[in-house]
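Biologist: I'd like to learn how to read a model like this one. Can you walk me through it?

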Amino acid sequence: MSNNLMTVPLIIRGKLIENYELEFGGRNGGVVFTAPDVSKYVSELTLSAPSKLADLYSLKFAEIADYLAELGERLVFERNEYMQAAFELGRSTSGLSESLLRERFDLMPRMFSREEAYHTAERSCGLDFLEGWVDQTGSRQPGTSGFVRAFGARAVHIIAGNVPEVSAITVLRNAITRSDGIIKTPSNDPLTAAAFARTMIEMAPDHPLSKHISVAYWKGGDESVEQAIYDPRRIEKIIAWGGFNSIKHITRYLQPGIDLVTLDPKLSSTIIGKEAFVDKDTLASVARRLALDIGYFNQEACNSARVVYVESGTDEEGVARCARLGELTFEALQNLPENVSTPHKDFDRELKEEIDNVRMLDDDYTVYGGRGSEGAIIVSHEAEPVDFSRRLTCRVANLVPIDDLDTAIRSVNAYTQTIGIYPEGLKHELRDRLAFQGAQRLVSLGGASLLKGGTQRQDGIETVRRMCRWIVDETGDSAYLENYANSEPVAENV
Amino acid sequence: MVDVFSELMESPQAIMNHTLDKAFEFAPERIRKFQDHWVIKRFAELRPRVAMLGKLAKEQGIETIACADDAVPLMLSHTVYKSYPLSYLENSRFDKLTKWLSGLTVTDLSGVDGAAIESIDDWIDELEVKSGLLVTHTSGTTGKLSFLPWTKEQTRNTCALYSRVWRDFNGAYTGPDMAKGNLALITPSYRNGAGMAQRMARLRIEMFTDGNEDNILFLYPEERLSADVMSLSGRIRAAEAKGELGALKIPEALLRRRDEYIAREKARPLAMSRFFQEVQSRFAGRDVWIGAMYGMFYDWAVEGLNQGHRHIFSPNSFATIGGGKKGRQLPEGWREKIAEFLGFPVTNDIYAMSECTVPSALCAEGKYHFPPMAVPYLLDPKTGALLPRKDGSVGRLALFDVMPDTYWAGFVSGDEVIAGGWEKPCRCGRTGFYVDASIRRYSEKEGGDDKVLCAGAPEAHDSAIAFLTGYAQ
């Protein structure tokens, strides 16, 4: 089995390529895996003509949903050797510890249920638009009408590997938008997307949905691959998850005809109002919910809380209040169940040094934990986050006491994704102002990773709508149009 | 015959009474004895007096140590000299910065009035006047300047020690001897400021020349390498590298002085052509010493060769390269190009860190040799545990510098090294610890977060000034 584990196949539209020529190192744990040399297959990697998407349009959405539901059945971990292999490799490459990764693999098949497919289509795009031409007539021009439809596109997805669900959601979206997707996998999760594609091939080798998904691993930035495929004659869209460096590589190839959808690297934070301190029980409850926002996914996700603004006041008493919350949060973090959060298996060494340094600065900070890999809560003594706030990870958060919520609001910018807020009323009160600053998603404290919201808008960036090409069909009255060719045009046109 | 070893057991500074080649002749047992003795002594003396060390020792539950190895849990991260919160600088809280620094040294800083100060440059000057501390700062390539609490005496000793390395490393008096005072000093950088290069350059003038300006040339003879501008520049680079420029905060004090900085920088292109002209007219054919960084030498050579200048100086000249490559990749043949331009080979390779006053030098076998005053440790990069002293082991280098007696000079570097000289001496014949020339930074190895390029101070200044110029007030 171990030979099997370390190979990452190339899959091109239903064809499995297992010519393992190149060796790559995983991001964590130093695991080495082998994969085919993608540069030798670039000519077939992209769909040669956009018209070849037509077979997807012979499918009704109901058939797509059926297909996905059956796929979900086949993805059940115990019955699927490809999922097992992806998990095995992920145990070494992923930043998630084994118990958390296993939980992800157990939950993923549910993402493919029929209900989920309909719900996703409806909320993230609009089922009508995916299924046909939707009447959008509303012009003041007499006798005209307009229709819009969302078509699929030829897209490369540069996915993130911090959680395996990224692979699942990409497969799902590629299917419901009737697109041709090439998934470029990351070194910290090279195999999960391939596990889906192989299961699809086994399940229905000639089905259009199986024939419009490709999965490849190449090293991000490899010109022998990227130069060839990032070409407007070969693809229409690039959907790039996270990683400033990966997005920087891609910008070199941008030109008219290629639409880049970036899911920028983002960080999330928390705002806790003074109501948290009304009594002991409330404070303990706030600490538990905060621990969830910090600890879920072991703080590997972009929606994990890192800097926490606490309206405790910054005088001595206020800092002590904030420190008490820090202490309780650290305890709650240690008590999270194993399938939710664990000590990080590969604690960030430089972060550890930073923690050791601030521990010495006891005028400026109080540190709970952070001695091994258990995580830490660093409480600032002034209304300033630690200098390394943007590299907080491995269950290390920074509580920042503030006198005034304005300080927290001003800290929000274009790099902010989710903000967890306590209490609920505060969320309502602040949401417009947070939006002006750049926040993308506001959630109840504790829900940063847990709430899926059902809005399906991925932090408000509308990934699915942007994966589509939106086509417009307009009809005009011939006499009305022709009138413009005559001497006296009607002046009412807008 | 004088017993160098017993003198060193009295004071590590005693090495200056001898030629430095002696430092590479001790038997391993003697090196161990010397190093154990001094690490134990430094800990005993400094623990009650250096607040940061006291806290760390308490945290680790260590009251005394019995040998050098016992100090491993007490090694500071090399980032400790920049562990101050950046908000101190952003909000001009130099009273707090002073307090922070006083936790790292026994030097009395109580006379320093930090509250009245609003720039780093002024703070450094105030420290020199009021406490005698000659704070040296690093280039801050990763976003923050380190401040090293060196005393004037330590800085002088370091300067002298480097000159001994150049003179004696390949045998007593076989190398260039700055103390003879016959070399003209050329520094293609700023004359003033508290960067390592500036501090050392001024000391060299004081210690190795008669002060005659005919024998001195700087690229910027009047200007100061501003710690404030360097600090901003480092943060801009760090933010750019992470795609976070939009989140950068600029200190108010710096914005108030913006016009002053911009005006100062505007005059600089002239300085470059003046510098080239003066090199040509005043120093061509002479015996010179030049100190600069790799990148600076290379840029200078390319520019000079383009203008048709080659073999500028006498072959008795010598050059020192410092500062590391800082992430910059020089093209193939860079060394030859520099030699062609200068007229003598650049061979004095030194591996040193600003946190350690004791440098190492490269032998013909491609190994950097540390004299016994730098106590070496090889640590497991993940756990920080001490690795066995086995030749060929790979790990993270930590050093304890026994020379300073006013601060705790044990620190963990960011470098991965292949260690040797513990079991068998190097083939070059020197005894004691060495590392293979194949040194790399862990941050580069991991391929991620530290890809900040630094092409040297003037360029850093340029980028910071450009940013300030374009910064909307």
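This is a predicted model: local features need pLDDT of at least 70, side-chain atom pairs count only at pLDDT 80 or more; totals for chains, interfaces and linings use all residues.

Biologist: Okay, sheets next. What should I look for?

Modeller: In general, strands of a sheet pair through backbone hydrogen bonds, either parallel or antiparallel. Here, chain A has an open sheet of seven strands, ordered β14-β15-β16-β13-β12-β17-β18, with mixed pairing.

Biologist: Why do β14 and β18 of chain A each have one side without a neighbour in the sheet?

Modeller: Because β14 (365-369) and β18 (441-444) of chain A stand at the edges, each has a single partner strand, and one side of each is left without a neighbour. From one strand to the next, the twist averages 20°.

Biologist: And how do β12 and β17 of chain A run, parallel or antiparallel?

Modeller: Parallel: five bridges join β12 (residues 267-272) to β17 (residues 416-422) in chain A. For one pair to click on, take A:S269, whose bridge partner in β17(A) is A:I419.

Biologist: Which helices pack on that sheet?

Modeller: One of them is α13 (residues 280-295) of chain A, which touches β12, β13, β16 and β17 of chain A. The direction of α13 makes about 150° with that of β13(A). Another is α17 (residues 424-437) of chain A, touching β12, β17 and β18 of chain A, and its direction makes about 150° with that of β17(A).

Biologist: Over to chain B. Is strand β6 of chain B buried or exposed?

Modeller: Six of the six residues of β6(B), 288-293, are buried, so this strand is largely enclosed by the rest of the structure. B:V288, B:I290 and B:A292 point one way, while B:W289, B:G291 and B:M293 point the other way. Strand β4 (residues 184-193) of chain B pairs with β6(B) in the parallel sense over three bridges, and B:I186 stands opposite B:I290.

Biologist: Last one: how many residues of chain A and chain B are in contact?

Modeller: 15 residues of chain A are in contact with 18 residues of chain B. Helix α15 (residues 349-360) gives the most to the chain A side, with six residues. By class, that side has six nonpolar, two polar and seven charged residues.

Key: Residues are numbered from 1 along each chain as its sequence is written. Chains are lettered from A and ligands numbered from 1 in the order in which they are written. Two strands pair if DSSP finds at least two bridges between them. Helices (H or I, at least four residues) and strands (E, at least two) are DSSP runs, numbered from the N terminus. Axes are lines fitted to C-alpha atoms, for helices over the stretch in contact, and angles run from 0 to 180 degrees between N-to-C directions. Two residues are in contact if their C-beta atoms, placed from the backbone, lie within 7 Å. A residue is buried if 20 or more other C-beta atoms lie within 10 Å of its own, exposed if 12 or fewer, and partly exposed in between; C-beta atoms are placed from the backbone. Ala, Val, Leu, Ile, Met, Phe, Trp, Tyr, Cys and Pro count as nonpolar, Asp, Glu, Lys and Arg as charged, and the others, Gly among them, as polar.
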